[in-house]
Structure formats: structure tokens, C-alpha cells
Amino acid sequence: MTDPLESASHPGHPGRPSRRGVLRAATVAGGALGIPVGTLSAGAHPAAAVPATASATPPELPAGLSAYRTRYINWAGEITHDGLWACAPRTGQDIADLANWAHANGWRLRARGKAHNWSPLTITGSAESGARVLLMDTTEHLTRMELTTPPAGAPGAVRAQTGVTLETLMAFLADHGLGVTNTPAPGELTLGGTLAIDAHGTSVPAVGEDARPGHTYGTLSNLVLSVTAVVWDSARAEYVVRTFHRGADEECEALATHIGRGLLVEAVLQAGDEVPLRCRSRIDLTADELFAAPGSALAARGNTFADFLDRTGRVEAIWFAHTDKPWLKVWSLSPQRPASAREVHHPYNYPFSDSLPTPVARLAGRMLAEGAWYLAPEFGAAQYAVAATGLTTTFASDLWGASHNLLFYLRPTTLRETANGYAILTRRVDVQRVVSEFATYYRERLEEWAAAGRFPVNGQVEIRVGGLDRPEESAARGARPPLLSVVRPHPDHPEFDCAVWVDVLTQSTTPDAHEFYRDLERFLLRTFDGGYALTRVEWSKGWAYTDTAAWADKEVIGTVVPATYGHGQWSEAIGILDRLDPHGVFGNAFTDQLVRV
């Protein structure tokens, strides 16, 4: 899983930039000039190289399907492959035919959407050059969607194939007066990818806010009413296309968050009535005040993270490294446009964050290409200055519009960084305590490392709070939570009613980042160990750190992660997924380690 080009400089030549570092610096500079940062990740297959260890002869796929070479580059460029075989299935039956072909010929299948992921749930990296791995591009054909009859208790429902992007899906719902409570910040994610890892946004009920039919404060996986998947039929001894209904079929709850051990063709999701949102940004509050310890004098001022959460239920803090004032976003339900708010008619309303201004890009380029990581404090200050200035000059401090236009704000052209990620389950009353303890530890460690001349973080901390995947928010009778949802309620902790989502971002070639992440992970696991809060890993992000790599601590992967769900709950989910794919056609070397009892 390691890449000899991954380090920032060549061994023995700490000042000499690696090829990866030079390419990444060029990419950053290109983004600053308006060139899409993700150009290579599109993976136009005619230009893909053929790895020396791989066969140049395309595999003979089932009738009507042809193989082509394609690049794979994940979001942060940490997991790459110069040329895997791929195809573009048109139907669920195409995928079933591929699964039977793969089973008979010793291949494994991986769904490939937009590759906006950090963890090795799709492929594990260049080590798969000689492996029989076939990517299936779901975005070319599997994009149909239509409204369908909702069950009692939901104003609407949509049937969508899993290659459709969230941005397209949410715009379709909005055109019919429907919406969801929260989404991830990027709109260019496929439905299949978001369900695989139970993608989340940020929302809990504001004080006095009533639950709305068809909505959930949890993840998108909690909206699932049914899934259509390719699974093994033991009676017929072949892979088939089959539909499972939530509340009636246990398979649905397992597949609603399958972390790469399944393949969904389509899903039916419930939806609620669309209500416009207002989003106000603040950049004047200090981290000391926003993340103040409960009961402190600073907390008494009424400007803590939890105070804003109580007022509106929808809050995010973006805290640039080595700065003292986070960018605070506060969303609120707003059926009518407030007089001071600017109406928006499309997503991505922070153009200053879509690509780096030239001075900031130059700083990034120096860090990446020259190894000048000591510029991290200056880079953090520059990012804060861009946000503070940009909010004013683009009139983006107070926005109003359709909910999806306010929730999607991260374009593929933004600066791409690696990220760890965790959800800390706790009681609503303890949110500020969790946030404060995390922020205090993070800042103390960052300052301690900086004093020693080490700068492992040059990006930002992101803090959100969301609800758990509660079955009572589903309109499906007899629904259970998605079995492997990161925010599945814990059977031993019924008092936990929300989750604090935290992640720390930095450039993937930053020296000492893995060691810093490892230290932070150990703090989270020992501090929020199931007493007043419980840490779970976020499937799509970085976790299980050693001093040199992510997803490499075997104890965390094999013991700690399953224990956070409870042995019985974990075993049930794995048993179902294994039964649906007993031959491991949908999996890779990493999921073989993770998704097991």
C-alpha cells in the first residue's frame, strides 16, 4: 500500500523534491489559475498507461461489454493506479453477468464512481498492478432516477440508480418540492459511493424544532427504503439482481452501508418537503470562545459551538491550522428570505475556496515542491485571510436559497488534502465538552510540535454535529438502523443521541503527518472510550494509523473498530454480507481484513 514516490523528498536528499511532490505542486498551482485540480482523476482511458506487471491483453468480458484501461486517483492522490482494466455496465444484469464471469475466472470487481474517497475501499493502490481487478464505472450509464410512490409517513420517495451524483439527485428532488435535511459538502459524489460509507452532513434538531416527515438528522443511508443489489443466489449457484426492502429484509440494512463489500444498482430513498435554508458565516469568534470548556467564563458569553447548535441545529467550524479564529457556518430553516440575506440559485457559493489565489498557491507550491513545511503557520493565516476577505467581497456572509444550494459548497477544483475522520457518539448535553476536549488537545499538540520545528498539519480542522441513524426517522415499517453505519445507535448506550464529526486535513506528503494522526487517534480512542462518549472511525477517511501509514494498525482494524459496534452487531452485519457474496467478488485485500468476524 505504500508508494516509493509518496515521501516529500528522496531518501538521503531531504531538500530534493520527489516526482509526486513536483506533480502535486503543479496541480495546486493549476487550481489557482482556474485549471481543475481533478483533471487527472477523470481518468480518460485512452491515455492510461499499461503497468509493466499487468497484462496488455484485455479480459474477455460477457457479451456487450468491453474492457479499457483507466487511471485511478483518489481524492488526495494517495491511492493511485496508472492503468486498471475497467468497463461501463449499462444495467444491473450487466453487473450480475460480470460477477459470474469474475467468480469463474478469479477476478474481483470494484465499483468506481467519482473516486472522492480517502480510504482503500475501492482499490488498495499500485500493488494491484498484477491483480485481476476490474473497475466498473457506474457514472456513464447507471444514472436514471424517477419519483415513486412513498410509504405512509414520507411526503416523497425517489428511485435512483447508483451512478447518479448527489448534486443531480438533490436538484431533481428540489424541482418536485422535495429535499433532505443534510448532505455532504461535495455534490460530485455518486449515490452508490455515499451509501457505501453512510455519508453525512451536519444537523440535529434546534431547540424547539419539530421532526419533519421524510427527513432524518442522520446519514443518507438512513433514508433508504429499498436497495437493488447484485448478490449470490445459493439455490441457482450464481449472482443475480435482487431487491431488498427495509424493515422486511435484513439484507437491506446490511447493504445500506456495506463499506465496499457489496454492489448496489439502485436505491429507493424517502424525502421530505423542501424548506429553504439560510447560511450565515462568522469569522470573528476566537477558538478559545467557540470551543470553551462548559462552565467556563468564556462559555458563559453564549457563543460556544453548542450555543449555536441549540439555536439552529446546523453548524460547522473550519479551523485553519495555526490560526485563532475559525470560519463558523450556521445554517437555519428559513421558509422566507430574510431581508439581509442574498438569494442564491445554485450551489458552490464560496468561489474564493474553489481555487487558490496566486499568493496562497505559491505558499502551497513552496511547501510541496521545496519541502518548506515550516510555512504551515503562514499558509494557515493566508487561508483564513482569503476566507475572511472572500466572504465580504463576494457577499457570501449571509446566503439564502434552496437547501441543496446551501449545503453543497465544495467543488472538485478545491485544494485536495488528506484527512483523518471520526464520529464521537455522545449526549447532546455533552457536545461542548467533546468539542472542547478535542480542540484543546489538538491545539496543544500542534503548538508543541511547532516549537520543536515540526509542522504536520497545514490544512484545517472541520467539526460538525449530526444525529444518529434512528429507525424511527424511517418511513419503512419495522426499519432497523443500517448495520454498519458509523452513527448506528449503540445497544449499550441508549443515552447517546448525536455524534460529533471531526477531521484534520493536511497535504498528503507532509512529513510527520501520520505520526501526528496516530497520536490524535490514540487520544480520541482513550478519551472517548464509551464512558460519556464513544469514538468510531469514519469509513471514507484516514484511521488505523501507524507512525508511517494510514489503515495499517492491525489492532485498530481487527479489534478496536468492531468493538465500537458491539460484537453481536458487528458479527450480524458481516455474516449477512458474506452470505450475499460468499466468493468475495466485491472486495479487495483491505476489506478482507476489515469486514470479517
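Phe 291, Trp 319, Phe 438, Tyr 442, Trp 449 and Phe 516 come together as one aromatic cluster. Rings of Phe, Tyr and Trp (its six-membered ring) pair here if their centres lie within 6.5 Å, and planes under 30 degrees apart count as stacked, over 60 as edge-to-face and the rest as tilted. This is a predicted model, so local features need pLDDT of at least 70 and side-chain atom pairs count only at pLDDT 80 or more, while totals for chains, interfaces and linings use all residues. Residues are numbered from 1 along each chain as its sequence is written, and side-chain values use heavy atoms, with hydrogens and water left out.

By the ring rule, the count comes to 21 aromatic pairs. Take Trp 232 and Tyr 239: their ring centres are 5.0 Å apart and their planes sit at 70 degrees, so this pair is edge-to-face. Trp 232 and Tyr 239 are both buried, where buried means under 20% relative accessible area, exposed over 50% and partly exposed in between (1.4 Å probe, protein chains only). Tyr 350 and Tyr 409 also make an edge-to-face pair, because their ring centres are 6.2 Å apart and their planes are at 80 degrees. This pair links distant parts of the chain, 59 residues apart: Tyr 350 is in the loop between β16 (342-343) and α8 (358-370), and Tyr 409 is in the loop between α10 (403-407) and β18 (418-419). Helices (H or I, at least four residues) and strands (E, at least two) are DSSP runs, numbered from the N terminus. Tyr 350 counts as buried at 2% relative accessibility, and Tyr 409 does so at 8%.

Rings also meet charges. Arg 311 lies over the face of Phe 308, at 4.9 Å from the ring centre, and Arg 433 lies over the face of Tyr 532, at 3.5 Å from the ring centre. The rule for a charge over a ring asks that NZ of Lys or CZ of Arg be within 6 Å of the ring centre and within 35 degrees of the ring normal.

Next comes a sheet. Its 4 strands form an open sheet in the order β3-β4-β6-β5, with mixed pairing; two strands pair if DSSP finds at least two bridges between them. At the edges are β3 (68-73) and β5 (108-112), each pairing on one side only. From one strand to the next, the twist averages 50 degrees. Strands β5 and β6 (residues 133-137) run parallel and are joined by 5 bridges, and Leu 109 has Leu 134 in β6 as its bridge partner. Helix α2 (residues 92-105) packs on the sheet, touching β4 (80-87), β5 and β6, and its direction makes about 180 degrees with that of β6. Axes are lines fitted to C-alpha atoms, for helices over the stretch in contact, and angles run from 0 to 180 degrees between N-to-C directions.

Elsewhere, Thr 194 lies in helix α4 (residues 191-196) and, at 1% relative accessibility, is buried. Leaving aside neighbours within four places in sequence, Thr 194 is in contact (heavy atoms within 4.5 Å) with Leu 166, Leu 189, Ala 199, Leu 220 and Ser 221.

Then there is backbone geometry. Most residues other than glycine have a negative phi. Ile 259, though not a glycine, has a positive phi of about 40 degrees. Ile 259 sits in the loop between α5 (250-255) and β12 (264-273) and is buried, with a relative accessible area of 0%. Trp 551 has a positive phi of about 55 degrees and is found in the loop between β22 (533-537) and α13 (554-563).
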